[in-house]
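User: I have a model open here and would like to talk through a few parts of the fold. Could you take my questions as they come?

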Amino acid sequence: MNHMKYTITGATGHLGQQIVAAMTQLVAPSELNLGVHTPSKAAAYQAQGMTVSAIDYHDVQTLIPVLDASDVFIYVPSKSHDSYSRVMEFENVVAAAQTAKVKHLLVMGFIADQVNNPFALSAFYGYVPRRLAGSGLPYTIIRNALYADPLVPYLPELIERHNVIYPMGDQALSFISQQDSAAAFAKVATTPALLEDGRIYTLTQSRAYTMPELAAVLSEVSQQAIGYQPISNQAFSDLYNQGNEGPMLASMYAGGALGLLDTVSADFETIMGRPAQTLPAYLKAHYSA
């Protein structure tokens, strides 16, 4: 067996941690090379025999040695609330990957990437595939649906409100759990037949949910009556503006209200050979009153 180098950025973030965990099921720790902003947060990974390096997305020179001769580079974007910051970061990532002779990029995308989507980050998610197509780098993109995970800590608030309040009109949302997403990332990264140049996968559960349907699932899981009473986009933005992310979140649901967040795909099953965990099953496994 020849030794592979799998580089993962954002390895201490929510999805990044899950991807590292999924990768350890498939490859030796010595093949994992983690780029992180705060190495102290990754001490446990280093103790397991993984390579941990500090990276700064704003400094291409810090990225090049970390990416050097990577067989597969899994890029999870860092969390900023506007497309321009993310595009600037991505330009540095592409420049570093080209210089570092990365053999294949595996990049996280999101279903809200349509040209008519008002979501504040849709410009970034739309830019990524076009930029990669012209980069000369072999690449594969995995687009996620909305994460199911935040619904678990959000449930107590919804129980208190007795309602789902997303400004979604009569449109539906599509979900995937971070654990399922990470499993698919790891499988694609380590399976040459799936790591196809130019391929774009979309990870979703087997159905989307309108807001009354979502409310019914949440009611069943929590054993509490939860209905659907949407509030306005502006009210939603004001309500959830911790860390100034209100307008970004509201813009996402504005896209959802146009029917742009209801994508359903069989790609997860293509990759994993099984359907994604359903939303009720995920919530029941993770929510306890």
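Analyst: What follows is a conversation about this predicted model, taken topic by topic.

User: Let's start with the sheet: how many strands form it, and in what order?

Analyst: Seven strands form an open sheet, and their order is β3-β2-β1-β4-β5-β6-β11, with parallel pairing.

User: Which strands stand at the edges?

Analyst: The edges are taken by β3 (51-54) and β11 (200-203), and because each has a single partner strand, one side of each is left without a neighbour in the sheet. On average, neighbouring strands of this sheet are turned by 20 degrees against each other, with direction ignored.

User: And which strands does helix α7 touch?

Analyst: Helix α7, residues 178-189, packs on the sheet and touches β1, β4, β5 (105-110), β6 (139-144) and β11, while its direction makes about 165 degrees with that of β6.

User: Zooming in on β1, which way do its residues point, and are they buried or exposed?

Analyst: In strand β1, which covers residues 6-9, Y6 and I8 point one way whereas T7 and T9 point the other way, and all of them are buried.

User: How many bridges join β1 to β2?

Analyst: Four bridges join β1 to β2 (residues 32-36), and these two strands run parallel; within that pairing, T9 stands opposite G35 in β2. The pairing of β1 with β4, residues 72-75, is also in the parallel sense and goes over three bridges, and there the bridge partner of I8 is I74.

User: What do β1, α1 and β2 make together?

Analyst: Together with helix α1 (residues 14-24), the strands β1 and β2 make a β-α-β unit that is right-handed.

User: Changing topic, at what angle do α8 and α12 pack?

Analyst: Helix α8 (residues 211-222) packs with helix α12 (residues 279-286) at an angle of about 35 degrees, their axes being 10 Å apart, and the crossing of α8 and α12 is right-handed.

User: Which residues meet there?

Analyst: From α8, the residues L214, V217, L218, E220 and V221 meet L279, P280, L283 and K284 of α12. Sorted by class, the contact of α8 with α12 has seven nonpolar and two charged residues, and no polar ones.

User: Last one, on backbone angles: what is phi of K101, and where does K101 lie?

Analyst: K101 has a positive phi of about 55 degrees although it is not a glycine, and K101 lies in the loop between α4 (83-99) and β5. K101 counts as exposed because its relative accessibility is 63%.

User: What about N244, then?

Analyst: For N244, a residue other than glycine, phi is positive and near 60 degrees; N244 is found in the loop between α9 (233-239) and α10 (246-257). N244 has a relative accessible area of 60%, so N244 is exposed.

Terms used. Residues are numbered from 1 along each chain as its sequence is written. This is a predicted model: local features need pLDDT of at least 70, side-chain atom pairs count only at pLDDT 80 or more; totals for chains, interfaces and linings use all residues. Side-chain values use heavy atoms; hydrogens and water are left out. Buried means under 20% relative accessible area, exposed over 50%, partly exposed in between (1.4 Å probe, protein chains only). Two strands pair if DSSP finds at least two bridges between them. A crossover is right-handed if, with the strands pointing away from the viewer, the path from the first strand over the helix to the second runs clockwise. Axes are lines fitted to C-alpha atoms, for helices over the stretch in contact, and angles run from 0 to 180 degrees between N-to-C directions. A crossing is left-handed if the near helix is turned anticlockwise from the far one by less than a right angle, and right-handed if clockwise. Contact means heavy atoms within 4.5 Å. Ala, Val, Leu, Ile, Met, Phe, Trp, Tyr, Cys and Pro count as nonpolar, Asp, Glu, Lys and Arg as charged, and the others, Gly among them, as polar.
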